[in-house]
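Dear colleague,

I am passing on the structure we spoke about, and below it you will find my notes on what came out of going through it. Please read them with the structure open beside you.

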Amino acid sequence: MGGVPTKHHSKSKVGRRRSQLALRKVNVVVCPTCKGPTLPHRICPNCGTYVKSGAKPKAAPSAK
Ligand SMILES: [Zn+2]
């Protein structure tokens, strides 16, 4: 059984609430060091590498 609305919500009020519901696509980039998926402008969760935008990634220090 669904809930019973106590107050009428106008179309605009419902639309304003639902305007915040859309999910946005997450931009995923490839880590140059471990080739794993990571988020831009953040350190890699796998290997901890941070690549500045525009900077060329240096040779990876062999982390084992
Ligand atoms: Zn990485």
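His41 counts as exposed, because 11 C-beta neighbours lie inside 10 Å and the cut-off for exposed is 12 or fewer. This residue is found in the segment after β2, and its phi is near 65°, a positive value in a residue other than glycine. Please bear in mind that the model is predicted, and that the values in this message are computed from it.

A positive phi also turns up at Lys35, where the angle is about 60° although the residue is not a glycine. Lys35 lies in the loop between β1 (29-30) and β2, and with 10 C-beta neighbours inside 10 Å it counts as exposed.

Leu39, which lies in the segment after β2 (37-38), has 13 other C-beta atoms within 10 Å and is therefore classed as partly exposed, since residues count as exposed at 12 or fewer and as buried at 20 or more. Leu39 and Val26 are 13 residues apart in sequence, and their C-alpha atoms are 8.2 Å apart in space.

As for the protein as a whole, it has 1 helix and 2 strands, which follow the pattern α-β-β when read along the sequence. Of its 64 residues, 3% count as buried.

Key: Residues numbered from 1 in each chain as written. Predicted model: local features only at pLDDT ≥ 70, side-chain atom pairs only at ≥ 80, totals over all residues. Helix = DSSP H or I, 4+ residues; strand = E, 2+ residues; numbered from the N terminus.
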